[in-house]
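Visitor: I am new here and would like to know where the terms come from. Could you show me the molecule and take me through it?

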Amino acid sequence: MDAAERRARELLRSVVSAEDFSAYEELGFISVPGRGDTASGYAYLLYPHRPLVAYETAGGRLLSEYCVRFEDEGERLPDADDVLAKWIAVHGREHELIATANLNRPGHQVDPGHVSRDLARLRAWRVARIGA
Amino acid sequence: MKPGHGDVLLAEGDPELAEEEERLIAEFRRQLDQGMWAAVPTTDGVRHEAVMVREFTEVPRDAERVVFYPSAAGG
């Protein structure tokens, strides 16, 4: 891990919940509920430098991909900064972010099988955390 | 957030002190003029949120920090 990613992770740790930060470190992504409310019935998977993937929280059905990038002057944000920028935008400007993004069907850029496996990993990880 | 670098401290000060507030406002405007978005992280100890701000006056007086990040575009 380079210095930029280390700094970015410290910022991420200081902003998001301990659970979200652990998810990023251990799984490589964060799940954020739509409208900031688990009752919304949908959530987004936030991967670094990949589209947001929306899915139904009840059954895991994939809904859509939202391709978005943060203007970067030719240089990429560190992975953790990219995830944090998405996290902030989903929390604070979900509608604006979604309106800005290019909407695609599931599987356009992110392999649905990969996402399904990640959702299974996320469920198992949450169960393990509750049991720990 | 700075591409290729991670976060950078841009300015710090006490908004209750006029001179320091001026410096904070100037930096806030400079960042937004460069196309950055601004957010104030918040937490009640359980929920962690981010409040978007477009004007310095929208920043809560007791906010510990404002995070600037590049604006989003379709990818």
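Guide: Gladly! This is a predicted model, and its largest nonpolar core has 46 residues. Those with the most contacts inside the core are A:L12, A:L45, A:L46, A:L84 and A:I88. Helix 3 of chain A gives the most to this core, with nine residues.

Visitor: What makes A:L12 and A:I88 part of a nonpolar core?

Guide: A nonpolar core joins buried residues of kinds such as Leu and Ile through C-beta atoms within 7 Å. A:L12 and A:I88 are listed in the largest such core, so they are buried and joined in that way.

Visitor: Which residues is A:I88 in contact with, leaving aside its neighbours within four places in sequence?

Guide: Those residues are B:A39, B:A50, B:V67 and B:Y69. The word "contact" applies because the C-beta atoms of each such pair lie within 7 Å.

Visitor: How many residues does each chain bring to the contact between A and B?

Guide: Chain A brings 31 residues and chain B brings 22 residues. On the side of chain A, the elements giving two or more residues are helix 1 (3-15), strand 4 (62-70) and helix 3 (79-100). Helix 3 of chain A gives the most, with nine residues. By kind, this side of chain A has 16 nonpolar, six polar and nine charged residues.

Visitor: Why are helix 1 and helix 3 of chain A called roughly parallel?

Guide: Their axes cross at roughly 30° and come within 7 Å. Angles under 35 degrees count as roughly parallel, and therefore the two helices are given that name. Helix 1 of chain A takes part through residues including A:A8, A:L11 and A:L12, and helix 3 of chain A through residues including A:A80, A:V83 and A:L84. The residues of this contact divide into seven nonpolar, no polar and four charged.

Visitor: How do you know that strand 4 of chain A pairs with strand 4 of chain B?

Guide: Pairing needs at least two bridges, and three bridges join these strands, which run antiparallel. One of the partners is B:A73, which is bridged to A:R69.

Visitor: What makes strand 1 and strand 2 of chain B a pair?

Guide: The cut-off is again at least two bridges; these antiparallel strands have six, so they pair. B:V40 stands opposite B:V51 there. The two strands form a hairpin with four residues between them, and B:G45 in the turn has a positive phi of about 100°. Strand 1 of chain B is also joined to strand 3 of chain B by four bridges, running antiparallel, with B:M36 partnered by B:P70.

Methods: Residues are numbered from 1 along each chain as its sequence is written. Chains are lettered from A and ligands numbered from 1 in the order in which they are written. This is a predicted model: local features need pLDDT of at least 70, side-chain atom pairs count only at pLDDT 80 or more; totals for chains, interfaces and linings use all residues. Two residues are in contact if their C-beta atoms, placed from the backbone, lie within 7 Å. Ala, Val, Leu, Ile, Met, Phe, Trp, Tyr, Cys and Pro count as nonpolar, Asp, Glu, Lys and Arg as charged, and the others, Gly among them, as polar. Axes are lines fitted to C-alpha atoms, for helices over the stretch in contact, and angles run from 0 to 180 degrees between N-to-C directions. Angles under 35 degrees count as roughly parallel, over 145 as roughly antiparallel, 65 to 115 as roughly perpendicular and the rest as oblique. A residue is buried if 20 or more other C-beta atoms lie within 10 Å of its own, exposed if 12 or fewer, and partly exposed in between; C-beta atoms are placed from the backbone.
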